[in-house]
Amino acid sequence: MSYRPQASHFINGQYVDDTDGEPFDVIYPHTGEVIATLHIATAAIVDAALDSAKAAQKEWTALSGTERGRVLRRAADIMRARNRELSEIETKDTGKPLSETLIADPASGADALEYFGGLAGTLTGEHIPVAGGDFVYTRREPLGVCVGIGAWNYPIQIASWKAAPALACGNAMVFKPSEMTPLTALKLAEILHEAGAPAGLFNVVQGAGSVGHSLITDPRVDKVSLTGSVPTGRKVYAAAADGIRHVTMELGGKSPIVVFDDAHLENAVAAAINGNFYSTGQICSNGTRVFVQDALYEKFIARVAARMDNAIIGDPMDETTTIGPMVSARQRDIVTNYIRIGQDEGARLVKGGKMIDGDGFYIEPTLFADVTDEMTIAREEIFGPVMSVLRFSDEQEAINRANATEFGLAAGVFTSDLTRAHRVAAAFEAGTCYINTYNLTPVEAPFGGMKASGVGRENSKAAIEHYSQLKTVYVGMNDVEAPF
Ligand code: NDP
């Protein structure tokens, strides 16, 4: 298998390359083969991307919101029309099964482009009457040039979730995908250009952390939006702070799902399966600590284990496959190491736990029971297909233990007691909470973390606040008085 990207970068409306940049390989996780080789952005490439973004932003912000929205909505249509092609590239790049990418990846990118395209024409300030007939009005203005930096688990979704609100508000963006998954952000750039975005409005440059660092510390940049791990978030936040830049941080998690005795068992089991094994567990908001109340505990574990037998592990291009490989050998090894630590620290391995032989980066979906709060697998983000089940007895205990983490991305509760469901959701220290479902992220709903899991919100009208700023204009309607 191979894939031939047009070039490494997309700048000022065209594909460009600079072979002076260090080469890096794109690896197909199913086979370990190199499917493409790209180049890391040189300083000249980064410079060209920022210059063209700065120029394009002026042109773009002079359009009306409706005109900007039209471009985004056209891009959404193109993305949907090319869904299969884009999904296949995403599957080659990430190893995620086509059964997922066909419905979840470009599709959610298109949703974001459509939603923020619709909002673009509605973005206004307000009129504020003040004393003596004077008044104030506010203008909602763009920030300028935004930098987007993506993780490797949802490459085209992350790029679109950042580009759509940024562009709707009148900003330009330079996007750096993860070095591990560089391919589909280029396609987003191509599609936006085809939809009528001015050259330079959305540029893609490749590279690892050092390229990201050179972007976020550049004086031409006004805002940084990162999706990544908490340690990277701390570095990027600190670097952005030096220039007093706006930030959005979408970081990692160790989210709880709390299942009470009165829960609908199969729904809770299905949600825990989705929330631990979808995308081979490589999802930031996964519910990796599943707290189950005493009376349901063994039944829950038995049902999860039984349903895990139905997983179809293998070739991600086969549309019947439901579990693909990990994104990289490194990520597989990290997860394998956590599984070993889980066993060493005394968790009960109910199912899975082994690497699968072959060239691909496969690992068995893994179920641990009898996990306790202090175990490493209950505290650290694993980012792989490992479910930990913990036992609890009463509501307050479950809330306390669910919240006893530095993370606060998501949380879920399963119960048929209406008041308890809302009470527990209110008590969770997490940005996105679920009652009797888990891990749905429609574009209409805000998404983001509390505590170390992040700053700011993506999706929904809330994202507008993070890609625009208010200018206050005070209008004097009276003579100006002075003491002398
Ligand atoms: P990383 O934090 O390793 O990397 C994220 C991005 O930041 C990559 O593009 C990386 O480049 C870049 N980067 C690394 N160091 C720096 C730096 N010093 N300055 C600027 N950029 C830098 O995350 P992963 O790619 O490993 O993704 C997994 C993580 O992302 C998990 O923790 C997961 O929870 C989180 N995540 C959060 C989501 C959310 O919405 N809250 C959604 C999805 C994932 P490169 O990799 O090329 O070196």
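## Helices and strands

A helix here is a DSSP run of H or I with at least four residues, and helices are numbered from the N terminus. In this predicted model, Lys187 has its place in helix H7, which covers residues 183-194. The protein has 16 helices and 20 strands.

## Overall form

The radius of gyration of the protein is 24 Å, close to the 23 Å that the globule rule gives for 484 residues, so the protein is as compact as a globular protein of that length. Along its principal axes, the C-alpha trace spans about 80 × 60 × 40 Å.

Of the 484 residues, 58% are buried. Among contacts with a separation of 6 or more, 73% are between residues 24 or more positions apart.

## Surface and charge

The protein has an accessible surface of about 18800 Å². Carbon and sulfur atoms account for 53% of that surface.

There are 42 positive and 60 negative charges in the protein. The mean position of the positive charges and that of the negative charges are 2 Å apart.

Is Lys187 buried or exposed? Lys187 has a relative accessible area of 5%, and a residue counts as buried when this value is under 20%, so Lys187 is buried.

Leaving aside residues up to four places away in sequence, Lys187 touches Tyr3, Gln6, Tyr15, Arg82, Glu85, Leu86 and Ile89. Phe10 is 177 residues from Lys187 along the chain, and the C-alpha atoms of the two are separated by 9.0 Å.

## Glu250, the listed active site

Which residue does UniProt list for "active site"? An unreviewed UniProt entry gives Glu250. This annotation may be inferred rather than shown by experiment. Glu250 is found in strand S11, which covers residues 246-250.

The relative accessible area of Glu250 is 4%, and Glu250 is buried. What does Glu250 touch, not counting residues up to four places away in sequence? Its contacts are Leu226, Thr227, Gly228, Phe447, Gly448, Gly449, Ser453, Gly456, Arg457 and Glu458.

## Two residues with positive phi

Most residues other than glycine have a negative phi. Asp370 has a phi near 55°, a positive value in a residue other than glycine. Asp370 lies in the loop between strand S15 (366-369) and helix H13 (376-379). With a relative accessibility of 32%, Asp370 counts as partly exposed.

Ser460 is also a residue other than glycine with a positive phi, here near 65°. Where is Ser460 found? Ser460 sits in the loop between strand S19 (454-455) and helix H16 (462-467). Ser460 is buried, with a relative accessible area of 3%, whereas Asp370 is partly exposed.

## Ala329 in helix H12

Ala329 is found in helix H12, which covers residues 329-344. Its relative accessible area is 25%.

How many residues separate Ala329 and Tyr278 in sequence? The two are 51 residues apart in sequence, and their C-alpha atoms are 19 Å apart in space.

Definitions and conventions
Residues numbered from 1 in each chain as written. Predicted model: local features only at pLDDT ≥ 70, side-chain atom pairs only at ≥ 80, totals over all residues. Heavy atoms only, no water. Rg over C-alpha atoms; globule rule 2.2 N^0.38 Å. Buried < 20%, exposed > 50% of the residue type's maximum accessible area, 1.4 Å probe, protein only. Contact = heavy atoms within 4.5 Å. Areas by Shrake-Rupley, 256 points an atom, 1.4 Å probe, with all protein chains shown as cover. Lys, Arg positive; Asp, Glu negative; His and termini not counted. Charge placed at Lys NZ, Arg CZ, Asp CG, Glu CD.
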